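Please keep the sequence and the structure in view while reading.

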Amino acid sequence: MGDARGTSEPVTQPGYRSWSDGPYPLDSLDTMKSHQTTQTMKPATAAKKLGVYLEATPADFQEGVVSRGELNALQSDPPEWLLELRRDGPHPRPVVAAKLGVSIAGLARGGVTDALTTEQIEALKEEHPSWLRRERATQAEVRKEAARIKEKNAEREDQARRPRS
């Protein structure tokens with residue numbers, strides 16, 4: 001082992017060369033190309049990122065692949081079909097849940113397993129069935145508890161930062 005001056009014995013076993021003593025200089029970075037490959041995603045992933053129901057999208061969207069650039073273009077300058085889907089639906093379950101103020105699991109407990117149109121969502125809001133009232137109350141409690149935990153954690157962090165006297 002080492003002595004008091006901070007030097008130490010080599011850890012490389014006899015008969016083996018240290019990686020830093022190799023006969024070849026580290027030049028692997030010189031061979032790397034500077035071109036980028038186009039990042040693509042499946043239509044289901046793109047639909048999820050766009051917040052639309054895949055089955056309601058045009059056939060060419062469902063059958064192809066979507067590049068990152070195409071997704072960005074769809075988000076920044078949406079075509080008419082995308083605007084219409086976002087406005088009228090049918091909407092995927094995460095969007096339906098958000099519009100109703102419940103969780104996705106709450107939708108399932110309420111018997112809603114399919115995509116809904118904006119019109120159907122508004123009708124549910126007007127009807128205000130007992131399952132929707134119950135799930136909204138549950139969701140409110142979950143948010144309240146999450147806020148309490150967040151506040152408690154922030155308090156702990158604040159106490160940890162304070163210098164102890």
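In this predicted model, helix H5 (residues 93–100) packs against helix H7 (residues 118–127) at an angle of about 35°, and the axes of the two helices lie 10 Å apart.

**The H5 and H7 pair**

- The crossing that H5 makes with H7 is right-handed.
- On the H5 side the contact is formed by Val96, Lys99 and Leu100, while H7 contributes Ile121, Leu124 and Lys125.

**The loop between H1 and H2**

- Thr57 is placed in the loop that runs between helix H1 (43–50) and helix H2 (59–63), and Glu55 lies in the loop between H1 and H2 as well.
- Through its side chain, Thr57 reaches the backbone oxygen of Leu54 at a distance of 2.6 Å.
- If neighbours within four places in sequence are set aside, the residues in contact with Thr57 are Val52, Gln62, Trp81 and Leu85.
- Glu55, by contrast, is exposed, since its relative accessible area is 53% and the limit for an exposed residue is over 50%.
- The C-alpha atom of Glu55 is separated by 9.5 Å from that of Pro92, although the two residues are 37 residues apart along the chain.

**Backbone features in two other loops**

- Most peptide bonds are trans, and most residues other than glycine have a negative phi.
- The peptide bond that leads from Gly89 to Pro90 is cis, with omega near 10°, and Pro90 itself has its place in the loop between helix H4 (80–88) and H5.
- His128, a residue other than glycine, has a positive phi, with a value near 50°.
- The location of His128 is the loop between H7 and helix H8 (130–161).
- Because its relative accessibility is 26%, His128 counts as partly exposed, a class that covers values between the limits for buried and exposed residues.

- Gln139 is part of helix H8, and it is classed as buried because its relative accessible area is 17%.
- Not counting residues up to four places away in sequence, Gln139 touches Gly101, Val102 and Ser103.

**The chain as a whole**

- The protein chain contains 8 helices and 2 strands, and read along the sequence these elements follow the pattern β-α-α-β-α-α-α-α-α-α.
- Of the 165 residues in the protein chain, 21% count as buried.
- The protein chain exposes about 13000 Å², of which carbon and sulfur atoms supply 51%.
- Among contacts between residues at least 6 apart in sequence, 54% join residues that are at least 24 apart.

Conventions: Residues are numbered from 1 along each chain as its sequence is written. This is a predicted model: local features need pLDDT of at least 70, side-chain atom pairs count only at pLDDT 80 or more; totals for chains, interfaces and linings use all residues. Side-chain values use heavy atoms; hydrogens and water are left out. Axes are lines fitted to C-alpha atoms, for helices over the stretch in contact, and angles run from 0 to 180 degrees between N-to-C directions. Helices (H or I, at least four residues) and strands (E, at least two) are DSSP runs, numbered from the N terminus. A crossing is left-handed if the near helix is turned anticlockwise from the far one by less than a right angle, and right-handed if clockwise. Contact means heavy atoms within 4.5 Å. A polar contact is a pair of N or O atoms within 3.5 Å; within protein, one must be able to donate a hydrogen and the other to accept it, and residues adjacent in sequence count only if both atoms are side-chain atoms. Buried means under 20% relative accessible area, exposed over 50%, partly exposed in between (1.4 Å probe, protein chains only). Accessible areas come from the Shrake-Rupley method with a 1.4 Å probe; for residues, only the protein chains shown count as cover.
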